[in-house]
Amino acid sequence: ASDRLNWAWPALQAVLQGREPIEQYTVEQRQPSPGLVELWIHNVGEQNRPNWVRFLITPPSQPIVAYDMFNEYRFGSIPNQLIGPAPYLEKPLLAAWYRIASGSEPIPDLSVSSVEIVP
């Protein structure tokens, strides 16, 4: 289980079934406290690959007061694009957090595009 060169069990099962393992990632938004939004990247595919992934965020209408990025995530070549390492199965990565100014209306989620593998 600790050998990073071994195939993940879902990948091995896919190959034994005669198909290529699925490679897919998603972004989960968590709101641990009012005005704080965290972006977690999940590997929902069948294999662990040393890929990099990217996705776009669309900020909410309220101002972003502060933010930070983690786990080697950074802004990409276009505005609001985040890029960083793909997580391993069952090991989500915190990519970033945003503190959003609170107003009279509920804090909306950031809008996040689908996650793409960086070519």
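**Strands, core and ring pairs in a predicted model**

Me: In which loop does proline 79 have its place?

Reply: This structure is a predicted model. Strands here are DSSP runs of type E with at least two residues, numbered from the N terminus, while helices are H or I runs of at least four. Proline 79 has its place in the loop between strand 5 (74–75) and strand 6 (81–85).

Me: What pLDDT do side-chain atom pairs need in order to count?

Reply: Residues are numbered from 1 along each chain as its sequence is written, and side-chain values use heavy atoms, leaving out hydrogens and water. Totals for chains, interfaces and linings use all residues, whereas local features need pLDDT of at least 70 and side-chain atom pairs count only at pLDDT 80 or more.

Me: Is proline 79 buried or exposed?

Reply: Relative accessible area, from a 1.4 Å probe and protein chains only, decides this: under 20% is buried, over 50% is exposed, and in between is partly exposed. Proline 79 has a relative accessible area of 69%, so this residue is exposed.

Me: What is the relative accessible area of tyrosine 98?

Reply: Contact means heavy atoms within 4.5 Å. Leaving aside residues up to four places away in sequence, tyrosine 98 touches residues including Leu39, Ile57, Phe75 and Leu82. Tyrosine 98 is buried, because its relative accessible area is 2%.

Me: Which residues do ring pairs link into a cluster?

Reply: Rings of Phe, Tyr and Trp (its six-membered ring) pair if their centres lie within 6.5 Å; planes under 30 degrees apart are stacked, over 60 edge-to-face, and the rest tilted. Tyrosine 67 and phenylalanine 75 are edge-to-face, at 5.7 Å centre to centre and 70 degrees between the planes. Tyrosine 67 and tyrosine 98 are stacked, at 5.8 Å and 25 degrees. The cluster linked by ring pairs is therefore Tyr67, Phe75 and Tyr98.

Me: How many residues apart in sequence are the parts tied together by tyrosine 67 and tyrosine 98?

Reply: Tyrosine 67 lies in strand 4 (residues 64–69), and tyrosine 98 in strand 7. The pair therefore ties together parts whose separation in sequence, in residues, is 31.
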